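Me: I'd like to learn how to read a few features off a model. Can we go through them one by one?

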Amino acid sequence: MRSEPDDRGGAVGGIDGELPASIDGLTPSTFVAPATAQEVAEVLADAAERGLAVAPVGAGTALALGNPPDRLDLVLSTARLREVIDYEPTDLVLSVGAGARLGDVQTVLAEHGQELPIDPPRGDEATIGGLIATGLAGPRRLAAGTLRDLLIGVAVAHPSGTVTKAGGMVVKNVTGFDLPRIYHGSLGTLGIVVSANFKVLPLPRAEATVTAAAPSWEAAVAAAERLRSSRLDPAALDVMRRDGAWSIGVRLMGREATVGGLADEARALLVGETAVATGAESAAWWRGYTADQAAIAQGDDVVVRISVRPRAVGGLIGSLVRLEEEQEVQVGYLGASVGVGSVVLRLRLAGDNPASRLAALREALLTLADQVVVLAAPSAWKRGFDVWGRPPETIDVMRSLKHQFDPVRVLNPGRFAGRI
Amino acid sequence: MNRTSLVERLEGILGPGGVFHRPSDLLVYEYDGSVDGAVDTALPAAVTLPTTTEQVAAIVRLAHEAGLPVTARGAGTGLSGGAVAQQGGIIVSLTRMDRIVEIDRADRTALVEPGVINLELSETTLPQGYFFAPDPSSQRACTIGGNVAENSGGPHCLKYGVTTNHVLGLEVVLPDGRIVWTGGHADGGPGYDLTAAMVGSEGMLGIVTKALVRLTPAPEATLVLLAAFGDVDAASHATSRVIGAGIVPAALELMDALTIQAVEPAYHAGYPLDAGAVLLIEIDGVVEDVRALGEEIAAICREAGATEVRSATAQAERDLLWKGRKMALAAMGRLAPNYYLHDTVVPRSKLPATLHRVDEISRHFDLPIANVFHAGDGNLHPLMLFDRRRAGDVERVLEASKEILHYCVEVGGALSGEHGIGTEKRDYVTLVYSADDLAAMAGIKNSFDPAGCFNPEKLFPKGYMCGEVRALRAQAMAQKLGIYAF
């Protein structure tokens, strides 16, 4: 792997230096933006020695995610680690700094007709490191999987002052434990990913999105089931309620000559008025639809993700509709990835004592589903519970893992599941 | 604990039919599928054949109490020594846990016990329109549990990904005997991705007693193309052209002249005997796309110098074209008494240069090497042909392997694409990983198995897990900071 940028490399995007003033109400005393992996490791080692708590940040598009930190002294921005380290279009592999924004990376890839087939909320702005840390994904995971499935290697800075690598620049590799995937979704609590290698894929030659209004959630779910069991093999398939109205969206990809016909087939499986968007408009429709799923605190908005097995999504939506009436919550937005089994709500809590009402809502949701994550909520409201849900039965193994990698709890202390 | 009381206690858990302890019964467990001489062999003290998760947990608790090593084993088809009980102790053979517990068409999942044979799962689900995508060449014999342990691949992982992309959750017996679940039907579970840690961990972190795996809908249409080329270079070049055109086939396999000469007379798959190399390219998807892409790929191959391009859509014709590829290893017996099947990966663009190097190594060591491999993802399988009764042959094979491995790493490749490290390649791990990199991996091992009893002496360089690991950087740092919480 080359380390110096060449004609295909070089930095992508710019540093805009927007660092958060605080995280969940805690204000750091220091901001740093290291320029190299080794500098990140030095900062961490220094923090470990001095007993400081460090929060790594990328673009800040998911800063609301996690429990309020136990402590916060230093915010470490990955903004200067944004170069394309290596990109071999014929090998379908890419190595990029953690601070690179996904939108900029996609631009570089698109010049060679390639992409990372992921569509996380506010993904264009999000950084590669942030996406690995949070593990947040979008509707395309139905067919293409998540960043976890594309991750083939990482370089990571540790509180011990070392930089380690795992995996490599080949798409198949079973040399040792699969550390890259363990870092994925670990919220930066094991180390700070400084660069990552991915398998990339050819851009779909054409795409179309078919949308249709639905008279009820039952009708929307039924239509989604018809599409899912058809030959269409959708790239994404979501049922949604926005401004009180139910609708369905299906994204189709394939050859230019094929996609039009597939869209017609999809329309035939839907009931009532349909609309079709193609090309860039199709992609833009999904960006717009998922923006409200971002783990960003806006006013008193609460964002919750509920995950169930795919077969249970219809029943879950029905239960949520009933719960909404019983609990007097105002769900402004509901987005459900039907084949995935994931439902994201953006809601407001009416009346007095919203913190305890949120805790009660969460308890009620946990009776409907095993996995309930409060992705964003006002900081004060999050203090009464673990936003990640019930601790798993393997929490002791996880604590041990944390202890092996970050024994003095430098990285994001308290923010992860089980307040790791 | 002496051997007699160990066997007595194991029989107390499993009944007399569930424990092998006579030397003659243990002999077959001394090996896995590797060539004699390429990996060490070792005899276990006892082989256990549990039928339930609770029995596995009881065996592990007993081993934990007695401080005995535990090695899990599936069908024993592995090629890196992973299922060999390097330090003796107890082998937990999972072949009697072979039930498909549940197939859920709505969720597109199957819940299986670890002893289920890979191909059996797909054969069971195909009539319902689904299949289990990982398809290692040993799929007629290998178990899903083994696939999880080694993160197995196969020809179709070019499009569909390897085992880790298809495992949603695992029931695991941890080294202390506890039964836990990682992952599950619903995604988004809290905490670290322990399922990711388990897949490919070579039995060093826990024993999988159930796997929840993803089922993939069978494609509407499938097309197999056979393209013959004058030499391996032209075939590699065509591979890059196909990928460069923005096409990711379901599978893209390359066979060289030596392989063709071994398989064609034996299986009559229809490979031209005078070809220097053939590509087997499979594409699948909706019927319109498959037809058009087939024509596109055929045109690319002809432009890249293919002397012949044939295509097959009917199942029987496709199976025949695949038969030569799938039976390639079996056919090698026509060329030499023994073969050593290597597994390395290089970036796809480095394939032509790597194949040249393999050819040089073949000539230097006077060792015929056949190449049959997953060209689409750069996963090489040089097959070294030899006769182990002939003095010096095994040594030459091992020397040649070493040269190949060194070269692959030099050009940015990996030590193994799908076979695992085990004991076969553990001493090469330092070619790709530094002491710090290995310390991070040891951190994973220590979190799951602090006593180091699960499948000892695998993956880490010889001697590494015996003491050095205790000086892990995390511990070193904790001591530096005056913390002794370990």
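Me: Which residues are buried in helix α9 (residues 257–267) of chain B?
Reply: This is a predicted model, where local features need pLDDT of at least 70, side-chain atom pairs count only at pLDDT 80 or more, and totals for chains, interfaces and linings use all residues. Residues are numbered from 1 along each chain as its sequence is written, chains are lettered from A and ligands numbered from 1 in the order in which they are written, and side-chain values use heavy atoms, with hydrogens and water left out. Buried means under 20% relative accessible area (1.4 Å probe, protein chains only). In α9(B), that applies to B:Thr259, B:Ile260, B:Ala262, B:Val263 and B:Glu264. Helices are DSSP runs of H or I with at least four residues, strands are E runs of at least two, and both are numbered from the N terminus.

Me: What covers the buried residues of α9(B)?
Reply: The cover includes β13 (251–256), β14 (277–285), α11 (315–326), α12 (328–331) and β18 (369–374) of chain B. Just after α9(B), B:His268 has a positive phi of about 50°.

Me: How do I read two packed helices, say α8 (residues 232–244) and α13 (residues 351–364) of chain B?
Reply: Two packed helices are described by the angle between their axes and the distance between the axes. Axes are lines fitted to C-alpha atoms, for helices over the stretch in contact, with angles from 0 to 180 degrees between N-to-C directions. Here the angle is about 155° and the axes are 9 Å apart, so α8(B) and α13(B) are roughly antiparallel (over 145 degrees).

Me: Which residues of α8(B) and α13(B) meet?
Reply: B:Val232, B:Asp233 and B:Ser236 from α8(B) meet B:Pro352, B:Leu355 and B:His356 from α13(B), contact being heavy atoms within 4.5 Å.

Me: At what angle does α13(B) cross helix α14 (residues 393–410) of chain B?
Reply: Roughly 160°, and the axes come within 10 Å. That pair is therefore roughly antiparallel too. On the α13(B) side you'll find B:Ala353, B:Thr354, B:Arg357, B:Val358 and B:Ile361, which meet B:Ala400, B:Glu403, B:Ile404, B:Tyr407 and B:Cys408 of α14(B).

Me: Is B:Thr216 buried or exposed?
Reply: B:Thr216 is buried, because its relative accessible area is 10%. This residue sits in strand β11 (residues 216–217) of chain B.

Me: Where does pLDDT stay under 50 in chain B?
Reply: Over residues 467–486; pLDDT is the predictor's confidence in each residue, from 0 to 100. Where pLDDT is low, the predicted coordinates should not be read in detail. As for chain B overall, the mean pLDDT is 93, and 95% of its residues reach 70 or more.

How values were computed:
Parallel < 35°, antiparallel > 145°, perpendicular 65-115°, else oblique. Buried < 20%, exposed > 50% of the residue type's maximum accessible area, 1.4 Å probe, protein only.
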